[in-house]
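This briefing is meant for a reader who is meeting the structure for the first time. Please keep the sequence and the model in view while reading.

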Amino acid sequence: MDIRERVRHIIYIFDKTYGDAQCTLKYNKPLELLISTILAAQCTDERVNIVTEKLYKKYISISHFANADLNELEEDIKPTGFFRNKAKNIKETCRILIDKYNGQIPDNMEDLLKLPGVGRKTANLILGDIYGIPGIVVDTHAKRLSNRIGLSNSSDAKKVEFDLMKVVPTENWSKLCHQMVYHGRAVCKARKPDCENCKIIKYCNYGSS
Ligand code: SF4
């Protein structure tokens, strides 16, 4: 079966199974999503959500983060790991947003990538979930599923993103990545995929081989 046809079937099944899939990071405004994605590097979304529940009550605006005491911010985000680097990036990013972007989060990839701590994954998430601009978010789940299903054979996130762009209809880019996270957690787990109970097994190279 042609790869695009397989993708169409997978999208149909995922829409039925994970129709309401959305970002698993909790946020109430664009700034919070940006900060949470910076914190999510090398950390689970669950842990980030626990940390940010308090964090966003303490730092309620972009200037609160930009002017935060570095040591205090480090302590506040410590459980997410790599906290020194993350605290520095959060402060610098918020300072740049105030100085160069009038306190607004950019709506394009080029400017987003200039922010410290922001890579393509974060930029695509912001574009898709905040601005409704299609973007493919390649996290650990999307990468693993794309490899197993046979949509990409690369371990490089950027290459996987571009491979997916070739075979996934643009209107499905943002949603499909959220759905892959759900499927990766529930069925196609990292250690042992539950292929016997997987609804897309017919369309997956790994499961059907
Ligand atoms: S068939 Fe197996 S490897 Fe393929 S997506 Fe399903 S659980 Fe993952």
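This is a predicted model: local features need pLDDT of at least 70, side-chain atom pairs count only at pLDDT 80 or more; totals for chains, interfaces and linings use all residues.

- Of the 15 residues that line the largest cavity, Cys188, Pro193, Cys195, Cys198 and Cys204 lie nearest its centre.
- Helix H9 (140-149) and helix H12 (205-208) each supply at least two residues of this lining, and H9 gives the most, with three residues.
- By class, the lining of the largest cavity is made up of eleven nonpolar, two polar and two charged residues.
- The ligand sits in this largest cavity, where the residues surrounding the ligand are Arg148, His183, Cys188, Pro193, Cys195, Cys198, Ile200, Ile201, Cys204, Tyr206 and Gly207.
- The shell around the ligand divides into eight nonpolar residues, two polar residues and one charged residue.

**The second largest cavity**

- About 40 Å³ of space lies in the second largest cavity, and its lining consists of Val7, Ile10, Phe14, Ile149, Leu151, Leu176 and Met180.
- The lining of the second largest cavity has seven nonpolar residues, with no polar and no charged ones.

**Helix H2 and what covers it**

- Helix H2 (residues 30-39) is mostly covered, as nine of its ten residues are buried.
- The buried residues in H2 are Leu31, Glu32, Leu33, Leu34, Ile35, Ser36, Thr37, Ile38 and Leu39.
- What covers these buried residues of H2 includes helix H3 (45-58), helix H4 (62-66), helix H5 (70-77), helix H6 (83-101) and helix H8 (120-131).

**Asp111**

- Asp111 has its place in helix H7 (residues 109-112), and, when residues up to four places away in sequence are not counted, Asp111 touches Tyr101 and Pro106.
- The relative accessible area of Asp111 is 17%, and because buried means under 20%, Asp111 counts as buried.

How values were computed: Residues are numbered from 1 along each chain as its sequence is written. Side-chain values use heavy atoms; hydrogens and water are left out. Helices (H or I, at least four residues) and strands (E, at least two) are DSSP runs, numbered from the N terminus. Buried means under 20% relative accessible area, exposed over 50%, partly exposed in between (1.4 Å probe, protein chains only). Contact means heavy atoms within 4.5 Å. A residue is near a molecule or strand if one of its heavy atoms lies within 4 Å of it. On a 1 Å grid over the protein atoms alone, a cavity is a set of points where a 1.4 Å probe fits but cannot get out, and a pocket is an open set with protein on both sides within 12 Å along at least five of seven lines; lining residues have an atom within 4 Å of a point. A molecule sits in a cavity or pocket if more than half of its atoms lie within 2 Å of its grid points. Ala, Val, Leu, Ile, Met, Phe, Trp, Tyr, Cys and Pro count as nonpolar, Asp, Glu, Lys and Arg as charged, and the others, Gly among them, as polar. Grid points are joined across faces, edges and corners, and a volume is the space filled by probe spheres set on the points.
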